[in-house]
Amino acid sequence: MDLKGRIKNAERVAVLTGAGISAESGIPTFRGADGLWKQFRAEELATPQAFQRDPKLVWEWYDWRRQKCAQAVPNPGHLALAELERIAPHFTLITQNVDGLHALAGSKHILELHGNIWRMRCVACEAMQESREPLGGELPHCDCGALMRPDIVWFGEALPQQVLSEAFSCARSAEVFLSVGTSAWVMPACQLPVVAKQSGAYVVEVNLEKTPISEMVDEAHHRKAGEILPSLLGVEI
Ligand code: BV8
Ligand code: ZN
């Protein structure tokens with residue numbers, strides 16, 4: 001049975017997305033050729049140590065990305081997944097992305113594994129703030145006087161426990177699992193398609209290039225998500 005048929009018959013569908021699904025919205029991916037910012041790689045800046053050492057540099061990087069995200073609009077890949085949610089009886093969108101584009105596209109049941117670039121939290125009292133304003137080179141501070149940090153999970157930091165366990169239980173119970181626009185490289189997110197496969201799901205990868213899960217999945221489409229997702233899923237956007 002083809003993917004459209006499987007989706008029609010599925011009770012539970014889960015999707016994992018990564019930076020690749022936002023590439024066609026103009027947001028650079030992490031490990032693609034455009035993944036560099038100045039001469040830094042994400043792994044060097046998205047760490048508590050980098051923030052400790054040079055909060056100004058790390059905030060400059062996030063301010064640059066926030067402005068990229070602010071200019072971005074959802075593309076047909078995001079819209080196709082929002083439409084899929086309307087069809088599947090039980091649907092979960094698990095994203096590694098922090099850009100907020102899935103919500104803008106209309107997706108509802110979203111699990112943000114790595115946080116959200118529009119939220120920041122106080123390093124001292126954990127007070128949260130949400131804003132889409134450019135930082136203008138200023139370091140954001142909390143009313144309590146301490147520094148604010150991006151509310152984002154950095155390398156070496158634990159993912160939010162509640163969100164992570166819900167993501168794994170969705171991977172275990174899904175009949176159809178899609179992995180879209182991720183290099184399937186970063187732990188623990190990259191284990192989700194593997195757990196889905198081990199639990200009997202029909203797993204489909206849509207990613208521009210081969211990844212460590214490409215051999216393991218039932219279908220691998222090395223094409224642009226925005227170009228093929230609507231027809232692949234059989235949804236009108
Ligand atoms: C944890 C927030 C444990 C930042 C991110 C050695 C030393 C230290 C740590 C480790 C280590 N080895 C392993 C680890 C663990 C580490 C890890 O996995 N590291 C990797 C580099 C090996 N993981 C962690 O540290 C995690 N935490 O394990 O905690 C713990 C437990 C208890 C207590 C304390 C600690 C935390 C991981 C989260 C890190 N934060 N993001 C930010 O965004 O600013 S990860 C970062 O990578 C992004 O979130 C991103 O989403 C994620 C994954 O990348 P992708 O989304 O896949 O993006 P990428 O560019 O890689 O790929 C895009 C793909 O799209 C490409 O393949 C491309 O071909 C494709 N594409 C492009 N265009 C399109 C397309 N596909 C389709 N259509 C297109 N148009
Ligand atoms: Zn505070």
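The side chain of Asn 116 makes a polar contact with the side chain of Glu 112, at 2.9 Å. A polar contact is a pair of N or O atoms within 3.5 Å; within protein, one must be able to donate a hydrogen and the other to accept it, and residues adjacent in sequence count only if both atoms are side-chain atoms. This is a predicted model, in which local features need pLDDT of at least 70 and side-chain atom pairs count only at pLDDT 80 or more, while totals for chains, interfaces and linings use all residues. Residues are numbered from 1 along each chain as its sequence is written, and side-chain values use heavy atoms, with hydrogens and water left out.

**Asn 116**
- Asn 116 lies in strand 4; helices (H or I, at least four residues) and strands (E, at least two) are DSSP runs, numbered from the N terminus.
- Asn 116 is buried, with a relative accessible area of 7%; buried means under 20%, exposed over 50%, and partly exposed in between (1.4 Å probe, protein chains only).
- Leaving aside neighbours within four places in sequence, Asn 116 is in contact (heavy atoms within 4.5 Å) with Val 98, Gly 100, Asp 151 and Ile 152.

**Helix 5**
- The 17 residues of helix 5 (residues 55-71) should span 24 Å at 1.5 Å a residue, and the end C-alpha atoms are 24 Å apart, which agrees; the expected span is 1.5 Å times one less than the number of residues.
- The buried residues of helix 5 include Leu 57, Val 58, Trp 59, Trp 61 and Tyr 62.
- The buried residues of helix 5 pack against helix 3 (42-45), helix 4 (48-53), strand 4 (115-122) and strand 6 (148-152).

**Nonpolar cores**
- A nonpolar core is a set of buried Ala, Val, Leu, Ile, Met, Phe, Trp, Tyr and Cys residues joined through side-chain atoms within 4.5 Å.
- Of the 27 residues in the largest nonpolar core, Val 58, Tyr 62, Ile 117 and Trp 154 touch the most other members.
- The largest share of this core, six residues, comes from helix 5.
- Leaving aside neighbours within four places in sequence, Val 58 is in contact with Leu 45, Ala 50, Phe 51 and Trp 154.

**Ligand 1**
- Ligand 1 is surrounded by 36 residues, each with a heavy atom within 4 Å of the ligand; the closest are Arg 31, Tyr 62, Arg 65, Gly 156 and Ser 183.
- A polar side-chain atom of Ser 183 lies 2.6 Å from an oxygen atom of ligand 1.
- An N or O atom in the side chain of Asn 207 is 2.9 Å from an oxygen atom of ligand 1.

Terms used:
Chains are lettered from A and ligands numbered from 1 in the order in which they are written.
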